[in-house]
Each structure stands twice: as structure tokens, then as C-alpha cells.
Amino acid sequence: HAIQHEMALSLNDFLIRRTHIICEDPNQGLDQAPAVAERMAAYLDWSPEETARQVAAYRREVELTRKFKSR
């Protein structure tokens, strides 16, 4: 639904803005990110490289929140 009707076109958009898993899951969705990216890739025609890039970008966002929390 989020991809087809709400234009969630990146893993960050889906996991951060649409599901809020980054705030609600103790591991901030890192365990689920690769599987979610694979599902999104099927809808958005991402290459394996793009799928990996999306997961890496999400990991960077999680790292930023963890740096902020530790201050």
C-alpha cells in the first residue's frame, strides 16, 4: 500500500516515516531491513546493488540516531 498508493520510494521512507520502526523496535528495524528492501525491490525494480544501497542508507540513519542518543 505505501509503495503503490503513498509513493514510499526508499527504504528510509518506508521504515522511518511510514512504520516508525526506527523508534519503536529495540534494534530499530535493522534485522528486518534487508527483507523489507527485498520486498520493495520487487515492486520498485531495484537491482541487487540498489537494494544493498538502500539497506546501507538505512543503517547510516540508524547510526545517526544512536550517536544522538548517546550524547
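Is Ile16 buried, exposed or partly exposed, and what is its relative accessible area? Ile16 is partly exposed, with a relative accessible area of 24%; by the cut-offs used here, buried means under 20% relative accessible area, exposed over 50%, and partly exposed in between (1.4 Å probe, protein chains only).

## Basis of the model

This is a predicted model, in which local features need pLDDT of at least 70 and side-chain atom pairs count only at pLDDT 80 or more, while totals for chains, interfaces and linings use all residues. Residues are numbered from 1 along each chain as its sequence is written, and side-chain values use heavy atoms, with hydrogens and water left out.

## Overall fold

The chain has five helices and zero strands, where helices (H or I, at least four residues) and strands (E, at least two) are DSSP runs numbered from the N terminus. Read along the sequence, the pattern is α-α-α-α-α. The radius of gyration is 12 Å, close to the 11 Å that the globule rule gives for 71 residues, so the chain is as compact as a globular protein of that length. That radius is taken over C-alpha atoms, and the rule is 2.2 Å times the number of residues to the power 0.38. Along the principal axes, the C-alpha atoms fill a box of roughly 40 × 25 × 15 Å.

Contact means heavy atoms within 4.5 Å. Among contacts between residues at least 6 apart in sequence, 62% join residues at least 24 apart.

## Surface and charge

Buried residues make up 34% of the 71 residues. The accessible surface of the chain comes to about 5000 Å², and 54% of this surface belongs to carbon and sulfur atoms; the areas come from the Shrake-Rupley method with a 1.4 Å probe, and for residues only the protein chains shown count as cover.

The chain carries 10 positive and 11 negative charges, whose mean positions are 7 Å apart. Lys and Arg count as positive and Asp and Glu as negative, without His and the chain ends; each charge is placed at NZ of Lys, CZ of Arg, CG of Asp or CD of Glu.

## Nonpolar core

The largest nonpolar core has 15 residues, of which Leu11, Leu15, Met40 and Tyr58 touch the most other members. Such a core is a set of buried Ala, Val, Leu, Ile, Met, Phe, Trp, Tyr and Cys residues joined through side-chain atoms within 4.5 Å. At least two residues of this core come from each of helix 2 (11-18), helix 3 (21-24), helix 4 (33-44) and helix 5 (48-69). Helix 4 gives the most, with five residues.

Beyond its neighbours within four places in sequence, Leu15 is in contact with His20, Ile21, Ile22, Ala33, Val36 and Tyr58.

## Helix 2

Leu11, Asn12, Asp13 and Leu15 are the buried residues named in helix 2. Asn12 has a relative accessible area of 18%. Leaving aside neighbours within four places in sequence, Asn12 is in contact with Arg17, Gln54, Ala57, Tyr58 and Glu61.

Ile16 is also found in helix 2. With the exclusion of neighbours within four places, Ile16 is in contact with Leu11, Ile22, Tyr58 and Glu61. The C-alpha atoms of Ile16 and Ala52 are separated by 17 Å, and these residues lie 36 apart along the chain. Helix 2 is followed by His20, whose phi is positive, near 65°.

## Val62 in helix 5

Val62 is located in helix 5 and is buried, with a relative accessible area of 1%. Not counting residues up to four places away in sequence, Val62 touches Ile22, Gln28 and Leu30. Val62 and Glu6 are 56 residues apart in sequence and 23 Å apart in space, C-alpha to C-alpha.
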